[in-house]
Amino acid sequence: MLETTIGQPTLTAIIFFFLFVAATLYITYWAAKRTRTTAEFYAAGRSITGFQNGLALAGDYMSAASFLGIAGLVALKGYDGLIYSVGFLVGWPIVMFLIAEQLRNLGKYTFADVVAYRLKQRPIRTAAATGALITVLLYLIAQMVGAGSLIKLLFGLPYEIAVVIVGALMIAYVLFGGMLATTWVQIIKAVLLLGGATILVFLILIKFGFNYVDLFSTVTDKYGEKMLQPGGLVKNPIDTISLGIALMFGTAGLPHILMRFYTVPDAKEARKSVFYATGFIGYFYILTFTIGFGAAALVGHEIISKIDKGGNMAAPLLAEALGGEIFLGFLAAVAFATILAVVAGLTLAGASAVSHDIYVGVIRRGKADEKQEVRAAKIATLVLGVLAILLGIAFKGQNVAFMVGLAFAIAASANFPALLMSIFWKKFTTQGAICSIYSGLALSVILIILSPTVWVDILKNPQPIFPLKSPAIVSFFAAFIVGIVVSLLTREKEAEEKFEAEKIRSYIGIGAE
Amino acid sequence: MKEKILKSPEFRAIVRSKNAISIFLTVVELFIYFGFILLLAYGKELLNQKIYGPITAGIPIGIGVIVLSWILTGIYVTWANKSYDDNVAKVREKLGGE
């Protein structure tokens with residue numbers, strides 16, 4: 001079983017990869033003819049159905065890290081992998097209950113539209129776009145570095161070339177096909193990923209006569225009962241709660257996720273799309289749990305950690321063991337598609353913060369025509385895409401795992417509190433929003449630098465200054481407290497008066513775009 | 001027009017019912033998830049208990065958090081598609097707002 005074609009560009013992998021690239025580039029060509037106005041570029045002309053958007057949201061959210069990474073974590077550590085998946089799912093109900101419909105009714109293209117709805121446009125857009133852009137950049141760097149290493153492991157391509165290919169394709173999708181192409185890349189990826197994982201689970205279960213008890217017994221016989229028990233992941237309960245806050249409320253503050261709600265025609269479709277997305281993502285995490293155990297039982301820890309210490313190749317190794325080279329090639333191409341769909345969504349969200357919020361909202365004071373704005377958005381896409389490639393190469397070999405955690409912490413502390421208070425709280429003021437966003441942002445960044453993950457693991461100091469790995473338990477609540485206190489100290493009559501009118505649009509959708 | 005909508009008892013009922021169900025379901029979700037974390041921290045004996053063959057109680061509980069979260073979104077959609085949308089349509093029709 002030590003014979004593996006992982007790490008070599010096999011013919012099947014190359015064929016599947018080119019099929020995917022050809023299909024997505026054709027879609028981009030098709031979408032480009034339908035992408036002229038701002039509503040088309042940022043929001044696919046609001047033509048996506050709830051079901052399609054549910055798939056696209058799942059495609060936007062399920063990263064290669066959550067497929068290869070979580071399957072590997074389950075394979076090596078067992079139950080702890082499940083704890084991780086649970087954290088990534090529980091934010092979705094929050095998105096549904098508190099954010100999705102109001103966001104759809106009140107905004108146009110970005111979540112800053114909602115925060116700025118009845119407050120002073122320019123300072124709010126600057127602050128909200130800063131939060132959005134930093135979240136997107138951190139997430140993007142982590143994805144690019146992950147893409148380079150994973151593709152190197154899977155196909156044996158040099159890291160830099162992998163990053164450039166990913167970057168070039170992602171720029172092509174977004175630049176020419178806008179949200180329409182991005183959406184369909186995400187839908188195709190979600191279908192491929194869910195389909196591939198389902199087949200893999202089916203192949204595992206055939207081996208065990210569709211009996212989970214047999215599967216689990218094989219693993220516990222080999223590696224002990226600790227595989228089915230929570231292990232080292234939860235050492236410090238406060239830290240786990242802090243991470244939980246970041247994951248739960250961070251999901252509801254991720255710009256690339258929030259942006260997707262503008263692609264559907266109305267609030268009803270927005271709400272339906274969250275239901276579908278939560279179902280698909282939950283189903284996927286249950287599949288990866290089974291895949292992890294299948295890999296532990298059928299491939300074994302020794303081979304998995306020999307190929308990659310972090311266990312990232314557990315699922316591909318299992319695919320090869322059960323479905324041969326052809327299935328491995330298919331799954332490797334799916335992993336590639338997975339990366340592309342996520343980075344395309346991120347690039348579009350980042351570009352919209354630059355063009356819609358900063359350029360049109362702040363610099364042009366809201367006065368720009370359709371043509372100018374689309375042009376600005378395309379330039380922003382290109383700049384951001386090239387920047388992502390350069391940063392991806394610059395961070396080669398660096399420990400970037402903390403960046404996703406930081407992105408979620410900032411989304412939970414800078415983006416989410418301001419968004420929630422602007423929707424639900426009448427007395428929220430411009431000053432309150434600005435102070436809340438910047439304090440959530442600053443605290444997340446400063447505390448993570450002082451935390452064990454950066455201060456000790458990366459900067460090699462002996463003792464952390466801030467004891468927790470995740471800053472959210474401090475930064476999340478601080479952002480709310482600062483927002484509330486400053487708002488109460490700086491009353492804004494105009495904003496309060498507009499709140500009642502906003503309610504009509506927010507709750508029954510009259511005047512929604 | 002706006003005044004008329006805002007003052008109408010139907011509109012107020014819509015706002016009240018939506019906020020009530022949103023907050024209720026959010027609190028339920030928070031209880032489920034942070035309850036799970038507290039169980040991981042302080043209830044390891046319970047999670048490690050074997051319930052069927054090698055399967056520990058932790059497995060159905062962990063999977064249960066995922067499934068329950070999805071069911072909660074289903075409850076919200078069902079409620080909103082039935083009662084909320086109807087009431088919104090009624091208010092829009094009655095007040096002639098489009």
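**Figure 1. Left-handed crossing of α21(A) and α2(B) in the predicted model.** Helices α21(A) and α2(B) cross in a left-handed manner, a term that applies if the near helix is turned anticlockwise from the far one by less than a right angle. The axes of α21 (residues 493–508) of chain A and α2 (residues 9–42) of chain B come within 11 Å and cross at roughly 65°. Axes are lines fitted to C-alpha atoms over the stretch in contact, with angles running from 0 to 180 degrees between N-to-C directions; helices are DSSP runs (H or I, at least four residues) numbered from the N terminus. From α21(A), K503(A), I504(A), Y507(A) and I508(A) meet F11(B), I14(B), V15(B), K18(B) and N19(B) of α2(B), contact meaning heavy atoms within 4.5 Å. Six nonpolar, one polar and two charged residues make up this helix contact (Ala, Val, Leu, Ile, Met, Phe, Trp, Tyr, Cys and Pro count as nonpolar, Asp, Glu, Lys and Arg as charged, and the others, Gly among them, as polar).

The model is predicted: local features need pLDDT of at least 70, side-chain atom pairs count only at pLDDT 80 or more, and totals for chains, interfaces and linings use all residues. Residues are numbered from 1 along each chain as its sequence is written, chains are lettered from A in the order in which they are written, and side-chain values use heavy atoms, without hydrogens and water.

**Figure 2. The interface of chain A and chain B.** Chain A brings 50 residues to the contact and chain B 52 residues. About 4,600 Å² is buried between the chains, 78% of it from carbon and sulfur atoms; buried area is the accessible area (1.4 Å probe) lost on putting two parts together, summed over both. F97(A), Y507(A) and I508(A) supply 16% of the area that chain A buries against chain B, more than any other three residues.

**Figure 3. A salt bridge between D85(B) and K268(A).** Their side chains meet with N to O at 3.0 Å. A salt bridge is a side-chain nitrogen of Lys or Arg within 4 Å of a carboxyl oxygen of Asp or Glu; four are found across the interface of chain A and chain B.

**Figure 4. A salt bridge within chain A, between K108(A) and E513(A).** The closest N and O atoms are 3.9 Å apart. K108(A) lies in the loop between α6 and α7 (111–115) of chain A and E513(A) in the segment after α21, so the pair ties together parts 405 residues apart in sequence.

Note on methods. Helices (H or I, at least four residues) and strands (E, at least two) are DSSP runs, numbered from the N terminus.
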